[in-house]
Amino acid sequence: MKKGIHPDYRPVVFRDPSADFAFLTRSTITSTRTVEWEDGNTYPVVDVDVSSASHPFYTGRTRVLDTAGRVERFKQRYGRA
């Protein structure tokens with residue numbers, strides 16, 4: 001690798017506030033906010049909207065859509081008279 005052209009690859013905490021879940025990994029993402037991690041060190045923190053702790057695929061909590069109501073509304077608007 002050429003020196004001086006790649007971004008800094010360092011430990012970063014990704015946090016999902018909706019699920020109260022955070023994990024430490026390495027990334028090139030930058031952040032001005034920091035958090036003190038469980039090991040006592042301070043790392044940059046990035047808040048994410050969805051993580052494995054809050055995504056329905058991983059949690060098994062799926063939302064049931066009211067498809068019958070949607071179909072009926074569609075038929076009323078655009079269906080045959």
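These questions and answers cover the fold, confidence and salt bridges of a predicted model. Residues are numbered from 1 along each chain as its sequence is written, and side-chain values use heavy atoms, with hydrogens and water left out. Local features need pLDDT of at least 70, side-chain atom pairs count only at pLDDT 80 or more, and totals for chains, interfaces and linings use all residues.

Q: What is the mean pLDDT of the chain?
A: pLDDT is the predictor's confidence in each residue, from 0 to 100. In this chain, 83% of residues reach 70 or more. The mean is 84.

Q: Which element has the lowest mean pLDDT?
A: Strand 3 (residues 34–36) has the highest mean, 96. At the other end, with a mean of 66, is helix 1 (residues 56–59). Where pLDDT is low, the predicted coordinates should not be read in detail. The element with the lowest mean is helix 1.

Q: In what order do the elements of the chain run?
A: Helices (H or I, at least four residues) and strands (E, at least two) are DSSP runs, numbered from the N terminus. The chain has 2 helices and 4 strands. From the N terminus, the order is β-β-β-β-α-α.

Q: Is Arg10 buried or exposed?
A: Buried means under 20% relative accessible area, exposed over 50%, and partly exposed in between (1.4 Å probe, protein chains only). Of the 81 residues, 16% count as buried. Arg10 has a relative accessible area of 19%, so Arg10 is buried.

Q: Which residue meets Arg10 in a salt bridge?
A: A salt bridge is a side-chain nitrogen of Lys or Arg within 4 Å of a carboxyl oxygen of Asp or Glu. The whole structure holds 3 of them. For Arg10, the N to O distance is 3.7 Å, and the partner is Asp8.

Q: How many residues apart in sequence are the parts that Asp47 and Arg15 tie together?
A: The closest N and O atoms of this salt bridge are 2.7 Å apart. Asp47 lies in strand 4 (residues 42–47) and Arg15 in strand 1 (residues 10–16), so the pair ties together parts at a sequence separation of 32 residues.

Q: Where does Arg33, another salt-bridge partner of Asp47, lie?
A: The closest N and O atoms of Asp47 and Arg33 are 3.0 Å apart. This pair links distant parts of the chain, 14 residues apart, with Asp47 in strand 4. Arg33 sits in the loop between strand 2 (21–27) and strand 3.

Q: Which residues are linked in a network of salt bridges?
A: Asp47 bridges to Arg15 and also to Arg33. Asp47 is partly exposed at 31% relative accessible area, Arg15 at 29% and Arg33 at 42%. The network links Arg15, Arg33 and Asp47.
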